[in-house]
Amino acid sequence: MHIAEGFLSPAHCALWYAASAPFIVHGARAVIAETRKSPENKLLLAAAGAFTFVLSAIKLPSVTGSSSHPTGTGLGAVLFRPPVMAFLGTIVLLFQALLLAHGGITTLGANAFSMAVVGPWVGYGWWCLCRRLRWNGTAGTFTAIFGAMFLADLATYVMTSVQLALAYPDAHGGILVALGKFLALFAFTQIPLAIGEGLLGVVVFRFLAKVAGPELVRLGLGADITANLADEDATKTSGHAHV
């Protein structure tokens, strides 16, 4: 990710455009609905898109025809749900292809499916699992955020490896052998990047909980962590006063 221009055949490009299109259209409707329902969240929505743009623009050379980089979609999926990120992520990929020559127009469908569809849904699935298990409190919420960012990143690259394996099967072992090779090559750069992205997500969410607590509560999350962070700050202040 991103798969570069010209590295997929026309048939594969058409296939991934067709696969991602319903998610993108649904995501566009979700963005419109979100802005109409809560106009005050427009700034936070824009920030989620900018966060994804900046992180995913930081690329390291990786498998031929691709690159390794953070994705930033996990945090947006937690804040606004995966359909919104399907649209925002595709817009990010489009601008990167046009302005930064990062990815491509013919491969936009494939890149959108891996980074804007699969990644956000996997990250959000982890978040929902943690909340269902009642991993509340600061530590539980931060664990959920770290996992959402970490898994959204890794899921993107697993999907990209599948896409490349389908396009370039091994001459002797076929698609499965090619998939193993792509996954192994990506792992050297992507696992450390995913860990770093998870840690960054915790820092960013902690900051948002402090400065935009009411907005997070309106989005249906953050009430517990905002209260816990306030208690932590009060405890630290009290501790400093005693010292």
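**Helix packing and cores**

Author: Happy to. Helix α3 crosses α6 in a right-handed way. Bear in mind that this is a predicted model.

Reader: Thanks. At what angle do α3 and α6 pack, and how far apart are their axes?

Author: The angle is about 125°, and the axes are 7 Å apart. An angle of about 125° makes α3 and α6 oblique to each other, therefore neither roughly parallel nor roughly antiparallel.

Reader: Which residues meet there?

Author: From α3 you have Thr73, Gly74, Leu75 and Val78, and they meet Ile145, Ala148, Met149 and Ala152 of α6. By class, the contact of α3 with α6 has 6 nonpolar and 2 polar residues, with no charged ones.

Reader: Nice. What about α2 and α3, is that crossing left-handed or right-handed?

Author: The α2 and α3 crossing is left-handed. These two helices pack at about 160°, with axes 8 Å apart. They are therefore roughly antiparallel to each other.

Reader: And which side chains are involved, by residue?

Author: On the α2 side there are Leu44, Leu45, Ala48, Phe51 and Thr52, and on the α3 side Thr73, Leu75, Gly76 and Phe80. That contact divides into 6 nonpolar and 3 polar residues, and no charged ones.

Reader: Leu75 keeps turning up. What does Leu75 touch?

Author: Leaving out residues up to four places away in sequence, Leu75 touches Phe51, Ile145, Met149, Val204 and Phe205. Leu75 is also among the residues with the most contacts inside the largest nonpolar core, together with Leu79, Phe80, Ile145, Phe205 and Leu216.

Reader: How many residues does that largest core have, then?

Author: The largest nonpolar core has 27 residues. At least two of its residues come from each of α2 (42-56), α3 (73-80), α4 (82-99), α5 (108-132), α6 and α7. Apart from it there is another core, of 18 residues, including Tyr157, Met159, Leu164 and Ala178.

Reader: Let me switch to a loop. Where is His69 found?

Author: His69 sits in the loop between β2 (67-68) and α3.

Reader: Is His69 buried or exposed?

Author: His69 is buried, because its relative accessible area is 0%, and anything under 20% counts as buried. The C-alpha atoms of His69 and Lys59 are 4.6 Å apart, although the two residues are 10 apart in sequence.

Reader: Good to know. Now zoom out for me: how many helices and strands are there?

Author: The protein has 9 helices and 2 strands. From the N terminus on, the order is α-α-β-β-α-α-α-α-α-α-α.

Reader: And what share of the 243 residues is buried?

Author: Buried residues make up 47% of them. As for contacts between residues at least 6 apart in sequence, 75% join residues at least 24 apart.

Conventions. Residues numbered from 1 in each chain as written. Predicted model: local features only at pLDDT ≥ 70, side-chain atom pairs only at ≥ 80, totals over all residues. Heavy atoms only, no water. Core = buried A, V, L, I, M, F, W, Y, C linked by side-chain atoms within 4.5 Å. Buried < 20%, exposed > 50% of the residue type's maximum accessible area, 1.4 Å probe, protein only. Helix = DSSP H or I, 4+ residues; strand = E, 2+ residues; numbered from the N terminus. Contact = heavy atoms within 4.5 Å. Axes fitted to C-alpha atoms, helices over the stretch in contact; angles between N-to-C directions. Parallel < 35°, antiparallel > 145°, perpendicular 65-115°, else oblique. Left-handed = near helix turned anticlockwise from the far one by under 90°. Nonpolar A, V, L, I, M, F, W, Y, C, P; charged D, E, K, R; others polar.
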